Amino acid sequence: MIELHSSPTPNGQKVMIMLEETGLEWKHFDVHIRLGEQFTPEYLKLSPNNKIPAIVDTDGPGGGRYTMMESGAILWYLAEKTGKFLPKDARKRYDTLQWLMFQMGHVGPMFGQANHFNNYARDTIQYAKDRYNNESVRLYRVLDNRLRDSTWIAGDEYTIADMAIYPWTKGHADRGIDQAGYPNFMRWFAAMQVRPAVQRNDKMAAEIRARMTKAAEGKTAINMFDTRDNAARLAQATER
Ligand SMILES: N[C@@H](CCC(=O)N[C@@H](CS)C(=O)NCC(=O)O)C(=O)O
């Protein structure tokens, strides 16, 4: 059984999609990052970098529990465990890993920073907004170009690279990404949306969000974006 200790953000959802696609038995353990649950000593044992998602495989390599952080590594692990969504052919396999790393190194961090400076930063910093918004649009262009010649992100097979990228790109309309300018991206996005596992993920993500909102009622949210506060929280949680 796979325990997913997470929250339904894009990084959480990509693992949910993979778990649904593979048919593995799994269970979601809610980690409320707005309440600071990622800093508890128990959670840090699963994810030392205090981020979601983390998994525990109760039947890990060699038997027994195995714990992992980092969503890209988790997708790779689940692909190898099940023999699914990471092609066996060497070229296709490396194509998949390239695009998985593209998501981990670019799409996630750049979209994340754009979201931060657009919606959460304490001060309005136009330079930072421009930098990350422009970079986000450029990344949609990279995806559109790639998908002009390729059915799926990594090639002719649906892989973990598609699952990693899809949840991050859901806000395309807000970035002005449309059918006229990005037809290949939009064709791929529509193909993702109709996959039964993706639809189950969307439904579960909404349910988990509602459950977590209810669980947070009456509790005080932390300022998740204050890096100094977070350093202090981490120090406190790991104090010996
Ligand atoms: N590279 C990491 C990024 C994980 C990440 O940034 N998670 C965010 C939510 S999407 C988080 O846990 N934030 C809590 C915090 O920063 O305290 C991965 O892909 O797993």
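The buried residues of helix 5, a helix that runs over residues 126–149, are Tyr132, Ser136, Leu139, Leu143 and Leu147, where buried means that 20 or more other C-beta atoms, placed from the backbone, lie within 10 Å of the residue's own, exposed means 12 or fewer, and partly exposed means in between. This is a predicted model, in which local features need pLDDT of at least 70 and side-chain atom pairs count only at pLDDT 80 or more, while totals for chains, interfaces and linings use all residues. Residues are numbered from 1 along each chain as its sequence is written. Helices (H or I, at least four residues) and strands (E, at least two) are DSSP runs, numbered from the N terminus.

**Helix 5**
- An α-helix has 3.6 residues a turn, so residues three or four places apart point the same way.
- The cover over the buried residues of helix 5 includes helix 4 and helix 7 (183–193), with two residues counted as in contact if their C-beta atoms, placed from the backbone, lie within 7 Å.
- Helix 5 has 24 residues and reaches 36 Å from its first C-alpha to its last, close to the 34 Å expected at 1.5 Å a residue; the expected span is 1.5 Å times one less than the number of residues.

- The chain is assigned to domain 1 (2–84 + 212–238) and domain 2 (90–193), with bounds that come from an automatic or database domain assignment.
- The C-alpha centres of domain 1 and domain 2 lie 22 Å apart, and their contact takes twelve residues from domain 1 and ten residues from domain 2.
- On the side of domain 1 that touches domain 2, helix 1 (10–22) and helix 3 (71–82) each supply at least two residues, and the largest share, seven residues, comes from helix 1.
- By class, that side of domain 1 has seven nonpolar, three polar and two charged residues, where Ala, Val, Leu, Ile, Met, Phe, Trp, Tyr, Cys and Pro count as nonpolar, Asp, Glu, Lys and Arg as charged, and the others, Gly among them, as polar.
- Helix 1 is mostly covered, since eleven of its 13 residues are buried, including Asn11, Lys14 and Glu21.

**Around the ligand**
- Of the 15 residues around the ligand, Thr9, Asn11, Lys51, Ile52 and Ser71 come nearest, a residue being near if its C-beta atom, placed from the backbone, lies within 6 Å of the molecule or strand in question.
- Helix 3 and helix 4 (90–120) each supply at least two residues of this shell, which divides into five nonpolar, eight polar and two charged residues.

**Strand pairing**
- Strand 3 (residues 54–57) pairs in the antiparallel sense with strand 1 (residues 2–6) over four bridges, and strand 3 also pairs in the antiparallel sense with strand 4 (residues 66–69) over four bridges; two strands pair if DSSP finds at least two bridges between them.
- Ile55 in strand 3 stands opposite Leu4, and the bridge partner of Ile55 in strand 4 is Met68.

**Backbone exceptions**
- Most residues other than glycine have a negative phi, and most peptide bonds are trans.
- A cis peptide bond, with omega about 0°, joins Ile52 and Pro53, and Pro53 has its place in the loop between helix 2 (41–46) and strand 3.
- Glu70, in the loop between strand 4 and helix 3, has a positive phi near 70° and is partly exposed, with 16 other C-beta atoms within 10 Å.
- Phe85, in the loop between helix 3 and helix 4, has a positive phi of about 70° although it is not a glycine, and Phe85 counts as buried, with 22 C-beta neighbours inside 10 Å.
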